[in-house]
Amino acid sequence: MSANVAARWTTQTRRFEKNAATREPAWVKAALMTVALLFFGLFLLLPLATVFAEALRKGWQVYFAALAEPDARSAMVLTLLVAAIAVPLNLIFGLAAAWAIAKFDFRGKQLLTTLIDLPFSVSPVIAGLIYVLIFGAQGWFGPWLIENDIKMIFAVPGLVLATVFVTFPFVARELIPLMQAQGREEEEAAIVLGASGWKTFWYVTLPNIKWGLIYGVVLCNARAMGEFGAVSVVSGHIRGRTNTLPLHVEILYNEYQFAAAFAVASLLALLALLTLIIKSFVEWQGRQSMHTSQNISEVIQ
């Protein structure tokens, strides 16, 4: 009996100490919440509300007319096309890179990990200039491309290359720490039991990383659709041909077509909100999956 009482007392003491360590005076909580809400309102809600207010200032008719304009529709299609090509390429690269780094030991592993972060440290404008230097008319491969009538710069391939460069870390960076935390035990057990490499990946690895994979793809897609710097350099700003949505917004704004500019910008804002909703859902599903796995482990133990 005394042992049970002592154990119960120890448990209650630890709970009290834990709660006491996380308790703060009411004024501290109020101050922190006020600062957070002010920043949220000033830097997120206010700009977002301004975009939609300016887009609808002249009415719904002007709003939909701006979106139905041929150049705007061309920018929408091009944005979706570039994202549809760049995101799957980054998905393949991210899976391969994360699998190699997390599951294998090889020479140059640290170098590969460092190179994945390169787009985070290089300005997107510099990335675009690099592609102009390589594939432009006066670039390294420019004369050969011209002779063979292959268009890279000021064309869709250049937009795709620039978008791939600035977005390829997102999937890999989400998967590498996740796969490293999971370890290699389950894959090694599957291989010992006779599973092939493809079956091991499909039935063991992929179910464990699916939510992290989806999360990385969502972030990658959001960046691909909203990219401006690198795409601006390689696009040439050819209206109706190489302008994505962010570039089209800039052109409309520079031409003082403010209602049309904000109408197109509202599409990007809606895409951002949709991305946020999907991101929150994926995070929630990931937490639920983690809790389920922990509960199963506790039951087994």
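Reader: Is tyrosine 131 buried or exposed?
Author: The relative accessibility of tyrosine 131 is 16%. Under 20% relative accessible area counts as buried, over 50% as exposed and anything in between as partly exposed (1.4 Å probe, protein chains only). Tyrosine 131 is therefore buried.

Reader: Which pLDDT do side-chain atom pairs need in this predicted model?
Author: Residues are numbered from 1 along each chain as its sequence is written, and side-chain values use heavy atoms, leaving out hydrogens and water. The model is predicted: local features need pLDDT of at least 70, totals for chains, interfaces and linings use all residues, and side-chain atom pairs count only at pLDDT 80 or more.

Reader: How are the rings of tyrosine 131 and phenylalanine 135 paired?
Author: Rings of Phe, Tyr and Trp (its six-membered ring) pair if their centres lie within 6.5 Å, with planes under 30 degrees apart counted as stacked, over 60 as edge-to-face and the rest as tilted. The count by this rule is 18 aromatic pairs. For tyrosine 131 and phenylalanine 135 the centres are 6.3 Å apart and the planes at 10°, so the pair is stacked.

Reader: What separates tyrosine 131 and phenylalanine 135 along helix 7?
Author: Helices are DSSP runs (H or I, at least four residues), as strands are (E, at least two), numbered from the N terminus. Tyrosine 131 and phenylalanine 135 are four residues apart in helix 7 (residues 124-135), so the separation is about one helical turn.

Reader: How many residues apart in sequence are the parts tied together by tyrosine 131 and phenylalanine 165?
Author: Tyrosine 131 and phenylalanine 165 form an edge-to-face aromatic pair, with 6.3 Å centre to centre and 85° between the planes. Because tyrosine 131 lies in helix 7 and phenylalanine 165 in helix 9 (residues 156-167), the pair ties together parts whose distance in sequence is 34 residues.

Reader: Which residues do ring pairs link into a cluster with Tyr131?
Author: Tyrosine 131 and phenylalanine 165 are both buried. Ring pairs link Tyr131 into a cluster with Phe93, Phe135, Phe141, Phe165 and Phe168.

Reader: How is helix 4 oriented to helix 10?
Author: Axes are lines fitted to C-alpha atoms, for helices over the stretch in contact (heavy atoms within 4.5 Å), and angles run from 0 to 180 degrees between N-to-C directions. Helix 4 (residues 70-103) and helix 10 (residues 169-182) have axes 8 Å apart and pack at about 30°. Angles under 35 degrees count as roughly parallel, over 145 as roughly antiparallel, 65 to 115 as roughly perpendicular and the rest as oblique. Helix 4 and helix 10 are therefore roughly parallel.

Reader: How is helix 4 oriented to helix 12?
Author: Helix 12 (residues 197-226) packs against helix 4 at an angle of about 140°, with the axes 9 Å apart. The contact includes Ala83 and Val87 of helix 4 and Ile209 and Leu213 of helix 12. Helix 4 and helix 12 are therefore oblique.

Reader: Where does aspartate 149 lie?
Author: Aspartate 149 is not a glycine, although its phi is positive, about 55°. Its relative accessible area is 63%, so aspartate 149 is exposed. Aspartate 149 lies in the loop between helix 8 (142-147) and helix 9.

Reader: What relative accessible area has histidine 237?
Author: Histidine 237, a residue other than glycine, has a positive phi near 55°. Histidine 237 is placed in the loop between helix 13 (229-235) and helix 14 (245-254). Histidine 237 is partly exposed, with a relative accessible area of 30%.
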